[in-house]
There are 4 protein chains.
Amino acid sequence: MNVNEILAKLHAKLPAENTGVVASYIPELAHVGSEKFGVHAVTVDQREYSFGDAQEGFSIQSIAKVLSLTMAYQRENQELWKRVDVEPSGTPFNSLIQLESDGGIPRNPMNNSGALVVCDVLLNYLADPKKDLLAFVHSLSGDQSIGFNEKVAASERETSSRNRALIEFMRSFGNIHNDTERLLDFYCSLCSIEMSCQQLAQTFLFLANEGQSPFTGEQIVSKKMTKRLNAIMQLCGLYDEAGEFAFRVGLPGKSGVGGGIVALRPRDYCVAVWSPPLNPKGNSNFGMTFLEGFTSEVGDSIF
Amino acid sequence: MNVNEILAKLHAKLPAENTGVVASYIPELAHVGSEKFGVHAVTVDQREYSFGDAQEGFSIQSIAKVLSLTMAYQRENQELWKRVDVEPSGTPFNSLIQLESDGGIPRNPMNNSGALVVCDVLLNYLADPKKDLLAFVHSLSGDQSIGFNEKVAASERETSSRNRALIEFMRSFGNIHNDTERLLDFYCSLCSIEMSCQQLAQTFLFLANEGQSPFTGEQIVSKKMTKRLNAIMQLCGLYDEAGEFAFRVGLPGKSGVGGGIVALRPRDYCVAVWSPPLNPKGNSNFGMTFLEGFTSEVGDSIF
Amino acid sequence: MNVNEILAKLHAKLPAENTGVVASYIPELAHVGSEKFGVHAVTVDQREYSFGDAQEGFSIQSIAKVLSLTMAYQRENQELWKRVDVEPSGTPFNSLIQLESDGGIPRNPMNNSGALVVCDVLLNYLADPKKDLLAFVHSLSGDQSIGFNEKVAASERETSSRNRALIEFMRSFGNIHNDTERLLDFYCSLCSIEMSCQQLAQTFLFLANEGQSPFTGEQIVSKKMTKRLNAIMQLCGLYDEAGEFAFRVGLPGKSGVGGGIVALRPRDYCVAVWSPPLNPKGNSNFGMTFLEGFTSEVGDSIF
Amino acid sequence: MNVNEILAKLHAKLPAENTGVVASYIPELAHVGSEKFGVHAVTVDQREYSFGDAQEGFSIQSIAKVLSLTMAYQRENQELWKRVDVEPSGTPFNSLIQLESDGGIPRNPMNNSGALVVCDVLLNYLADPKKDLLAFVHSLSGDQSIGFNEKVAASERETSSRNRALIEFMRSFGNIHNDTERLLDFYCSLCSIEMSCQQLAQTFLFLANEGQSPFTGEQIVSKKMTKRLNAIMQLCGLYDEAGEFAFRVGLPGKSGVGGGIVALRPRDYCVAVWSPPLNPKGNSNFGMTFLEGFTSEVGDSIF
């Protein structure tokens, strides 16, 4: 059985009923069909495998936090960790509780507070932040068609009270330097990036290839930085379900409330799966199950 | 340069002064020389490398929690996770705070509360718990000389108010079933196990070998269970410094307040390092630094 | 309408259905009839008013914490406040969370942890703690028949995991000095004291009389200490419903899970009410409503 | 010795050195002389007593929260308590922690979050909020000269990140309805009200007079509402030092970071004291000590 057949087989094994619920806090996300399912895998030597709605674009949401983190890490190197820690949090992604006891330093760059700090850092470096961000994504994926979904970004800006609270709270500790609305506009655009599973797997492939783009040969980040980015994804990429994901899937990965999850096996492959209904922790319900089967049948976990 | 030479070189590179502090909450631990340093690595094909005090026994303390967890997991399989979760905690190892909000279910089996639940499980299965535990350790290490340090165990029992509090607190939620003093006696004996770096690396080697003892060929736990044990170590093995360890060292590992750290690269090797002075998070200060260098120079991280 | 008539009228106004629930965590408490209702008021010039089951004994439970506090305050004076604070807690009566951040110092002597510290203090002073406690209660009430309910005390000791946890946790901070079981035995006896509403109102009358027993003329505690004991009851006497009680009733008071509440108006009167079904915060449901009406119709609040 | 002499005597007894620190988080507050000291008492039958800088205006800051609360309570009556609770918090005045567990409902209207909700309520009722607020203050005090300090208000708006965070956080729970900047402008103006001790004592005198202005005879709030406002001050008026204040002073009161404290004895008198250096809990250091002496020598506490 080849990999494409395995993808189909694993999909056929998913439960008839999906107990997950499509995210509705952003109205635009609630409109997406709950039956959508796509998966795409690509190896570091550029073999590609696909199933289902793998070419259909969706909102990658928090998955994009890894891309902004990569850009900030390129620019700040170790300095970055003075403003955001690298520890798992044990609390939900938008919690303010730990920020209060931690003096305004987010636990990690994968929860909302940490990603906002990372965006705040980037605003200091980028001449045209949204354009520069897209250019970076285009260079990673080799695909110039990837863009923001303006409706989703606008929808998110309008329901961003919690994120505004995080920004102002961190500002009160001196850990935010740019204007709130400018920062929020950049952050919401970041989260509104649309990709297909194929584009997503291709974009993240450099992290499975020791920091080098397999397509262009460009070294995006050093081998050492790549290891660290993967470590952060492993420990903090699935909110307060990081342990469960490591336990069941065993790969560094990142999820988004749009129903996408990307995961990668270092020096081997990157895989992206998409199924909108979320489990109670906010991660794609079928995505988790599918990737668990995938690492059992195709690619091993890293452990 | 061979591996033994690299070990010596990495040791030579450690700072002249160790800013860590030897654990003193158990009087017996405070007597150990702060200048002690040993490291031992063993590969799945049984090549061995050593440096310094690698044959001198020390108190492995919390490292032993992985061994009791392995025994309980063998007996309970998935049932075990009804009584203890597998998520990183974001709080210190002996915190009671999360237990209150989590209804008496410890976040993971690597902090004190989780390890106490695991010991409580074992008391239901083992005819002679302390003897059976040692027998298991002997079978893993192939070394019958490993034993408890009775002085350390007694010393720990006498300063166990916090652990008694954890036990009674979890009992109030129905998550402890055995007598407090019997449970505490077993737990303190577990933590008092003494091993050298060599014995420690050999004992944990099955976790680098997909669950099979490289010495006897015995399958201790299944390949799938091994992956999960390694995932738990990766995410929860270094208390609230798990992220930092993943970030700097990149291997599943477990530390103890005796100054030991064991880490392993799946399908490759297991390495144990010992240096008593601890950093503020309670992990061996030089141990962390040494392993960071080790994964850079010798064995890659898993990311 | 005289006061006895007002008591009857206020009782008649209580809702037909009591939505409260009788405490069941101690089996012995669950056996008490939920329809029981008694109230007794006594003025500092010794006029007495009664309604319903005012002469029937019940378990005063946490109300007794004020009596042990008075005894400890007599003996330690200001020294006592080094081991227990006088601030409202904002958390449930048996919470461990604040103890962790507050270094083992209970927020106030009215929650379980604080009352346990107070009992620990008394064990250092009293030759025969349980006998001496009863003697104190007899002298306050002028009634030698008041005693412990041994069944309730035994029942409470058997379900005391949470209190054992509090004791061991505070011991780990150095704030408990006596043997756990001895302390728990004393504490559970204290909580098992049985009184009728009449006995309860008479026992607490000295706190409405500037510290002096109106019956014997004895100065139990100084006028200044009396003010402070009343302030503690006002701010901390009804667990995390102290604000609601001050708001609705407006008097210093103390409640117990047996369904009793005692309250007093300084320089005026003391009133005790008993109705076993508790509201979700653990205070007598009808007791709260009755006292609200009582302060409106008979005796003013202090505000 | 008459009351004026007692005021002088109590002032003479204050320690030579004030260990408190003048608030500096708002630059404008830091400019006030730390040696300033004033006190003014007024009885319900309009006898007045003064000492020191009792006629000098200062920033009443959080004390003004009682005035906005009174206005909102007049308009919303019991409806108000659906949006803000009346329980002491056990945490600092600007904490976000409890808001998260309490679903965006502030613990009480005396901490920042609660006062912001109260201001949000008032914005729905007042045609010209700042003007209407001043008119209310003028009617209470009988003094048309009381106004905002625009520099202090502007200074506070510029350092309001924490308050912005509270607003946005509560908005995310649906408990804020007006524009953030408009709300903050109103709130900062409220806190910037300047009064002398004399004006302050006169303004709050209605709360000592069962809700009726002794000057005009107008019933500001009902007797029942007055009792409740006093209960709220008693339990929540001095942040997480409410217990200490009840314990030492024994009166309902409210403090501000400008160094003012106002307290009142129901049916008797109102007293305002001002001394800028604050203790570690944020309350006037000498103010606390002075009022403790005052209730001992002149006016009794309510307990």
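Biologist: Two residues are in contact if their C-beta atoms, placed from the backbone, lie within 7 Å. How many residues does the contact take from chain D and from chain A?

Modeller: It takes 12 residues from chain D and 12 residues from chain A. This is a predicted model: local features need pLDDT of at least 70, side-chain atom pairs count only at pLDDT 80 or more, and totals for chains, interfaces and linings use all residues. Residues are numbered from 1 along each chain as its sequence is written, with chains lettered from A and ligands numbered from 1 in written order.

Biologist: Which element of chain D gives the most to the side that touches chain A?

Modeller: α8(D), with 8 residues. Helices here are DSSP runs (H or I, at least four residues), numbered from the N terminus.

Biologist: How does α5(D) sit against α8(D)?

Modeller: The axes (lines fitted to C-alpha atoms over the stretch in contact, angles from 0 to 180 degrees between N-to-C directions) come within 10 Å and cross at roughly 65°. That makes α5(D) roughly perpendicular to α8(D) (65 to 115 degrees).

Biologist: Which residues make that contact?

Modeller: D:N112, D:S113, D:L116 and D:V117 on α5(D), against D:N163, D:L166, D:I167 and D:M170 on α8(D).

Biologist: New topic. What rotation superposes chain B on chain A?

Modeller: One of 180°, with 0.0 Å of shift along its axis and an RMSD of 0.0 Å. That is a two-fold axis relation.

Biologist: Which residue of chain B comes closest to the axis?

Modeller: B:G90, with its C-alpha at 2.6 Å.

Biologist: And through what surface do the copies meet?

Modeller: The same one, because 100% of the interface residues of chain B are also interface residues in chain A.

Technical notes: Least-squares fit on C-alpha atoms with pLDDT ≥ 70 in both. Helix = DSSP H or I, 4+ residues; strand = E, 2+ residues; numbered from the N terminus. Parallel < 35°, antiparallel > 145°, perpendicular 65-115°, else oblique.
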